[in-house]
Amino acid sequence: MTVEQSSRDLRDGVDALLDRYAGLSDRDHCVVVFAPDSREAAAWLVAGLKQRKLSTQVIGMRPLVDHGFAARLKSAVPDLESFTGRLVIFTLERDAMSHFSPLLYVMQQFGSDRCMVVRVISATREFFEQALNLGPDELSARNAALLTRLTKARSIRVSSRGGTDLRIRLDAERYDWISNRGVRRPGGFTILPAGENATYPARIDGRLVADGALNSNAITRIDTRLAAHPLTVDITDGRATGFTGGDDDVRELVELCFKQPHGTRVGELGFGTNSGIDRFIPANSHINERRVGVHIGFGQHNQDRAVVGYEEKVHLDLITDGAELYIDDESEPVDLENLQLTGDEHPELVRDADMTGDRCGFGYGELTDPAASSTIG
């Protein structure tokens, strides 16, 4: 890719975020909140807002713990009584998704019809170049086409050209389906990057060959791409029983994740639906998770505690490069890379991941090696 093309893609991504996802108008007041690791991404966003001559305030935040953040946020928003437009808050972080409570408080003060919060995780150049090529309407249509079949299914078999062969039992009456599609929703946060359907499998057995990438909520700077060294994981009754492959860095991370109290449990069955993402990137990123393919999440699950009774802070997604789904043993598979749109409305019973609280993969996980009594963050 040329520098000129990269710059064009970057500008197009900023425009897509502001126009297609946030739907900005000239009456909006914007607040850009950024962590130190996302300073450059914030600069691109602010440049786009200034080009539109929109009222904008910019504030920094420390990830995870920042006792002064609520006060800085309060000083950046307009006066509630005199302001007649809409407040749009963008938050940009690379590894975590911090400070839900102060943001929720501001939304409740202004009302969901007058306040929108857009939360960007994996706020990098690749986010603007890759993750915003499809808009929320397109992602909603893709998620709907898949969900209308999966929510009615009893079982699926997942296969991939890399060698994945998984048999999965589903239970939509017991376990929620989650849909992340970037659609603005009153009372909820818009979480980006978007493009995923996920649930908790009632049972899963077989072999996973992760030849795409991994994504973990434990902060790491290793190259997470797996094409050169695919990772093979054997799964029996919802637990990883062993794995092979991966380079040294990947093996060390996976071993530490699997050593956690519930690290080998399958907590998530996910399907990336964002076909606008055309490559896996080196960073530990939700961009990889949204790319078309299947990901199996180990450790932390995505259900209410009353439904799935264990708790685990660490979450590790292992991602395939594409996949085919045989739903209820139908002879013709659903090819995720060539998903046929059906025109169906997005199911109303599916829980959106565009929400006001944490969900699997968005929090910070602390990896502890019991044998070495050490922690990796």
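Strand β14 (residues 266-272) pairs with β15 in the antiparallel sense over six bridges; two strands count as paired if DSSP finds at least two bridges between them. Helices (H or I, at least four residues) and strands (E, at least two) are DSSP runs, numbered from the N terminus. The model is a predicted one, in which local features need pLDDT of at least 70 and side-chain atom pairs count only at pLDDT 80 or more, while totals for chains, interfaces and linings use all residues. Residues are numbered from 1 along each chain as its sequence is written, and side-chain values use heavy atoms, with hydrogens and water left out.

How many residues of strand β15 are buried? Seven of the seven residues in β15 (residues 293-299) are buried, so the strand is largely enclosed by the rest of the structure. Buried means under 20% relative accessible area, exposed over 50%, and partly exposed in between (1.4 Å probe, protein chains only).

A further part of the model is an open sheet of seven strands, in the order β13-β12-β10-β6-β5-β17-β18, with antiparallel pairing. At its edges stand β13 (239-245) and β18 (334-335), each with a single partner strand, so one side of each is left without a neighbour in the sheet. Strand β5 (residues 155-159) and strand β17 (residues 324-327) run antiparallel and are joined by four bridges, with R157 opposite Y326 in β17. Helix α6 (residues 136-150) lies across β5, β17 and β18 and runs at about 35 degrees to β17. Helix α7 (residues 248-258) packs on the sheet as well, touching β12 (231-236) and β13, and its direction makes about 165 degrees with that of β13. Axes are lines fitted to C-alpha atoms, for helices over the stretch in contact, and angles run from 0 to 180 degrees between N-to-C directions; contact means heavy atoms within 4.5 Å.

Two helices also meet each other. The axes of helix α3 (residues 69-76) and helix α4 (residues 100-110) come within 9 Å and cross at roughly 30 degrees.
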